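Here is a short briefing for a first look at this structure. Keep the model open while you read.

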Amino acid sequence: MEFAEFAEHAAGIEAEPADLEVVSLVADLFAEADADLGVVARFVQGRVFPAYSERTLDVGPSLCHEAIARAAGPNVEAADVEARLAEEGDIGRVAASYDTGGQRGLGAFGATDGAPGPTVREVYDELAGLAAAEGAGSQDEKVATLFGLLSRCDGDAEARYLARLVLSEMRIGVGEGTVRDAIAEAFDVDVAAVARALQVSNDYGLVAETAREEGAAGLAGIHLEVGRPVQAMLAQAGSVADAIEAWETVAVETKFDGARVQLHHDPDGRTEVFSRNMEEVTAALPEVVEFAERHLDAPAILDGEVVAVAEDGSPLPFQEVLRRFRRKHDVERMREEVAVELRAFDCLHADGADLLDAPLTERHDALAALLAGTDAVSELLLSDDADDIEAFEADALEAGHEGVMLKDPESTYTPGKRGKQWLKRKPDVETLDLVVTGAEWGEGRRASLLGTFLLSARTEDGYETIGKVATGISDDELADLTDLVEPHVVREDGQTLEVDPQVVFEVGYEEIQRSPTYSSGYALRFPRFLAVRDDKTPESADSLERVERLVESQ
Ligand SMILES: Nc1ncnc2c1ncn2[C@@H]1O[C@H](COP(=O)(O)OP(=O)(O)OP(=O)(O)O)[C@@H](O)[C@H]1O
């Protein structure tokens, strides 16, 4: 296909306001693309290489402006192009406003007069060559390549879409969904089949060509490939109550505070690590590669988090991982300073089997089998009990993790989707400063310590109970809290203590419910201890009136 033809189609698509019509126009373009279908399916989205590909053009605006200026003729400088861009706001229109491929441009730079315009394939090949340029002189080489292409662009549309393509600013209203629907329409295959093939391959060119050549059966044959990353499944915020309500049994995991990674391991080939944006970060994380090579003996694609760890293995804050992630230089030196480890929580492919459609529990079993004997596999608690989930969360927080993830144990892996199957436990909406008016002794190991604290809100003439907090407190903190509260105990009845209102706790919670359990008529759902407010007196603690206002605003 001539690039001019592609550009004419792009202009038609850009001018079309109706989404459905756009799909049909893109489908027409695909139907006419012949041997260039793969490239065209990407170009139309402003993409030169597949989404997962390492290759980038690395063409910044100034380089592009320089090339346009050169193609525009001897009297035009990059500064003129920039001035025009400031007025127009669109590099495509600016490029088209110069006579880049006309007599002047050709004559001035000695290019062959009357040379044919480039084909789509030629544009692709030139850009691929440009992407490969590196080292000293590569900037000049890139300007020269772009100049060469622009000099061959005769019509306005060619220059317009070429300039936009190289800056990844196609702006013709064609997103991934449009391309998916257009492939289905052009080659008469089911949209769902196209969507699935795109999910596993992230390669619009491959999917378009397969749909045309082999139809639905061909699409079904597109599988995950070790070494070709897929988009990460994402999470929404949600509460423990939401999770139990939705699935009854909840799969609970530690939420690690690191950077998302997808590990691709081929025992006969390479081990590669990709970021959440499918960017390759292998070189920055040699520990992860070494770990995979030591422990994996089958092809695998794993999803997880890379965390920074202290010498004793405890997690370090996220900022520490960032000092390692994507690092290109001094990797070995930084490795001495910040150690990282893999925490794997999902398995997309194990030893020849794609597991995207398997339930979470099965994928997790496969993960545990692959990495048996290591401590890199996330612990998965299956529970329908809010207290158990809270206890798991308390342990995770105490160990220095970010919190917990709540997942549907039956859910499949949906790449790129931010669905309701994975919930990151909703952060507390508000915090309340409440007065400790009672307590209970702990149990077992904690029998000599207070374990649970009864909390009250202030009213005009006293305090009314609203909940108990036992979560979010480490052993050390519990010892300090016992020392703090015990002197105020006024009555003891077995395990239960009555406490003079003296101490104020700051607590988080998920929700406030009306409840007959406590004298205030309200109960906190999932209360969590945050801190002692030793700067507050009980008289300045939160009032029942504030609690009522919070309930109204929920
Ligand atoms: N056990 C786990 N399961 C899934 N994700 C986990 C787990 N532990 C840590 N994570 C991380 O938590 C992220 C989801 O949480 P969160 O939404 O807060 O991430 P974010 O990157 O800050 O924001 P967002 O994904 O909303 O853009 C995942 O992308 C992953 O990096």
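The largest nonpolar core holds 91 residues, and F6, F30 and F43 touch the most other members. Domain 1 (47–166) and domain 2 (234–424) both contribute residues, so this core lies between them. The model is predicted.

**Cores**

- F6 touches M1, L29, V40, F43, V44, V120 and M170, leaving aside residues up to four places away in sequence.
- Another core lies apart from the largest one.
- As background, nonpolar side chains in soluble globular proteins tend to be buried together.

**Aromatic pairs**

- The structure holds 8 aromatic pairs.
- One of them joins F3 and F6. The ring centres are 5.5 Å apart and the planes meet at 35°, so this pair is tilted.
- F3 and F6 both sit in helix 1 (residues 3–15). They are 3 residues apart, about one turn of the helix.
- An α-helix has 3.6 residues a turn, so residues three or four places apart point the same way.
- F3 counts as buried because its relative accessibility is 0%. F6 also counts as buried, at 1%.
- F505 and F529 form an edge-to-face pair. Their centres are 4.9 Å apart, with 75° between the planes.
- This pair links distant parts of the chain. F505 is in strand 16 (residues 504–508) and F529 is in strand 19 (residues 528–532), 24 residues apart.
- F505 is buried, with 0% relative accessible area. F529 is buried too, at 6%.
- F3, F6 and F43 make up one aromatic cluster.

**Domains**

- The domain assignment gives the protein chain domain 1 (47–166), domain 2 (234–424) and domain 3 (431–553).
- The C-alpha centres of domain 2 and domain 3 lie 35 Å apart. Their contact takes 9 residues from domain 2 and 11 residues from domain 3.

- An open sheet is formed by 5 strands in the order 1-10-9-2-8, with mixed pairing.
- Strand 1 (234–238) and strand 8 (380–383) stand at the edges. Each has a single partner strand, so one side of each is left without a neighbour in the sheet.
- From one strand to the next, the twist averages 40°.
- Strand 1 and strand 10 (residues 418–425) run parallel, joined by 4 bridges. G238 has R425 in strand 10 as its bridge partner.
- Helix 14 (residues 240–247) lies across strand 1, strand 2 (250–255), strand 9 (403–407) and strand 10. Helix 14 runs at about 135° to strand 10.

- Another open sheet has 5 strands in the order 4-3-5-6-7, and its pairing is antiparallel.
- Which strands stand at the edges? They are strand 4 and strand 7 (353–354). Each has a single partner strand, so one side of each lacks a neighbour in the sheet.
- Strand 3 and strand 5 pair in the antiparallel sense over 7 bridges. L263 stands opposite L302 in strand 5.
- Helix 15 lies across strand 3, strand 4, strand 5 and strand 6, at about 135° to strand 4.
- In helix 15 (residues 286–295), P286, E287, V288, V289, F291 and A292 are buried.
- The buried residues of helix 15 pack against strand 3 (259–265), strand 4 (271–275), strand 5 (300–309), helix 17 (331–337) and strand 6 (339–350).
- Helix 18 (residues 360–370) lies across strand 5 and strand 6, running at about 125° to strand 6.

**A loop and a hairpin**

- P317 has its place in the loop between strand 5 and helix 16 (318–322).
- Is P317 buried or partly exposed? P317 counts as partly exposed because its relative accessibility is 45%.
- P317 and V307 are 10 residues apart in sequence. In space they are 8.3 Å apart, C-alpha to C-alpha.
- Strand 14 (residues 489–493) and strand 15 (residues 496–499) pair in the antiparallel sense over 4 bridges. E492 has L497 in strand 15 as its bridge partner.
- Strand 14 and strand 15 form a hairpin with 2 residues between them. G494 in the turn has a positive phi of about 65°.

Notes:
Residues numbered from 1 in each chain as written. Predicted model: local features only at pLDDT ≥ 70, side-chain atom pairs only at ≥ 80, totals over all residues. Heavy atoms only, no water. Core = buried A, V, L, I, M, F, W, Y, C linked by side-chain atoms within 4.5 Å. Buried < 20%, exposed > 50% of the residue type's maximum accessible area, 1.4 Å probe, protein only. Domains from an automatic or database assignment. Contact = heavy atoms within 4.5 Å. Pairing = 2+ DSSP bridges. Axes fitted to C-alpha atoms, helices over the stretch in contact; angles between N-to-C directions. Phe/Tyr/Trp six-rings, centres within 6.5 Å; stacked < 30°, edge-to-face > 60°.
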